[in-house]
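Morning, everyone. Let me put the structure up, and then I'll talk through a few points.

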Amino acid sequence: MVLENSTFSSLSQVRVKHGIGTLSEKSLHYALKNYFEPRKEYQERKVGSFVADIYNETGIIEIQTRNFNVLRKKLQEFLKQETVTIVYPMAGTKWISWLDLDTGEISKRRKSPKKSNFNDAFYELYKIKSLLTHKNLRIHVLQLELEEYRNLDGYSENKKKGSSRLDRIPLKIEKEWQIQSLEDYKKIVPNTLPSQFTSKDYATHSNIPLKRAQLALNVLTEVNAVKRVGKKGALILYESN
C-alpha cells in the first residue's frame with residue numbers, strides 16, 4: 001500500500017481542531033485508522049467475539065501503538081479466518097511540546113534527539129513472537145514524524161522526568177517496512193555483519209543498544225531469519241539463515 005502524506009496530514013489537522021487530548025480515541029490511532037480505511041462502515045467491526053479496527057475486502061487491520069501482549073487472544077481468533085495486518089507506528093522525527101497544567105499554556109515545540117528504526121519494533125514483536133510465522137499475519141511498521149504533547153506533571157524539578165503523555169499528532173510518514181515473509185525479516189539483518197556474529201556485533205552494525213540487539217536476535221531466531229551456531233565466550237554465535 002502506498003500512503004499519501006498529503007491525505008495523512010489533512011486528517012491530522014482535522015483532528016487537532018477538536019482539541020489536543022480531548023477525545024476518547026487518541027489522535028495517532030484515529031489518523032492511522034482513517035488513513036488505512038476512510039470508509040466508516042468498515043471500521044470497528046465485530047469479528048467473532050472481538051472488534052477489529054478495520055475489516056474490509058483486504059482482511060483485518062489492527063492499529064497497535066504499543067502493548068502487543070494484549071493482542072494475543074484477538075490474533076489467535078482473527079488469524080483462523082482472515083489475513084491480519086498489524087500496523088505499528090514509531091517516532092522518527094519527534095517534536096515535543098509541554099502543557100502547563102496550571103496555566104493551560106503549551107510551550108514552543110522542540111525537536112527530540114531520539115529517532116527510531118525497525119529494530120525498536122522488536123520490543124513489541126517479542127510479545128507475539130509465537131504468532132509471527134503464521135501464514136495469515138502481516139506486519140506494517142511506520143516511522144513517522146510526530147508532534148508529541150506531554151503534561152508537565154513529572155517528579156523532577158522541571159516536571160519533565162516521569163511526565164505523562166497527552167497525545168501524539170502524526171505529521172508525515174518518513175519510512176515504512178512491510179513484513180510478509182521470512183525474506184522480509186532477513187532484510188532487517190545488516191548485510192555488513194561477518195558470517196558468524198554475536199549480539200555485540202549486531203548492536204554495533206545496527207547502531208542500537210546491546211539489550212535491543214539481544215531482543216532483536218531472539219525474535220529473528222524465532223522466525224528463522226538467523227540461527228544459533230555456537231558460542232564465543234559467554235556470547236551466543238549466530239549466522240544468517
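The largest pocket holds about 700 Å³ of space. Bear in mind that this is a predicted model. The lining comprises 21 residues, and the closest to the pocket centre are Ala-91, Lys-94, Lys-114, Arg-165 and Arg-168. So much for the centre.

Which elements each supply at least two lining residues? Strand E4, 84-99, is one of them, along with helix H4, 122-125. Strands E6, 137-151, and E7, 165-179, complete that list. E4 gives the most, with six residues. Eleven of the lining residues are charged, seven are nonpolar and three are polar.

Next, helix H7, residues 210-222.

Which residues of H7 are buried? Ala-213, Leu-215, Ala-216, Leu-217, Val-219, Leu-220 and Thr-221. After H7 comes Asn-224, with a positive phi near 70 degrees.

Finally, the whole protein. It has seven helices and nine strands. Of its 241 residues, 48% count as buried. Take contacts between residues at least 6 apart in sequence: 60% join residues at least 24 apart. The accessible surface is about 13,100 Å², with 47% belonging to carbon and sulfur atoms.

Key: Residues numbered from 1 in each chain as written. Predicted model: local features only at pLDDT ≥ 70, side-chain atom pairs only at ≥ 80, totals over all residues. Heavy atoms only, no water. 1 Å grid on protein atoms, 1.4 Å probe; cavity = no way out; pocket = protein on both sides within 12 Å on 5 of 7 lines; lining within 4 Å. Points joined across faces, edges and corners; volume = space filled by probe spheres on them. Helix = DSSP H or I, 4+ residues; strand = E, 2+ residues; numbered from the N terminus. Nonpolar A, V, L, I, M, F, W, Y, C, P; charged D, E, K, R; others polar. Buried < 20%, exposed > 50% of the residue type's maximum accessible area, 1.4 Å probe, protein only. Contact = heavy atoms within 4.5 Å. Areas by Shrake-Rupley, 256 points an atom, 1.4 Å probe, with all protein chains shown as cover.
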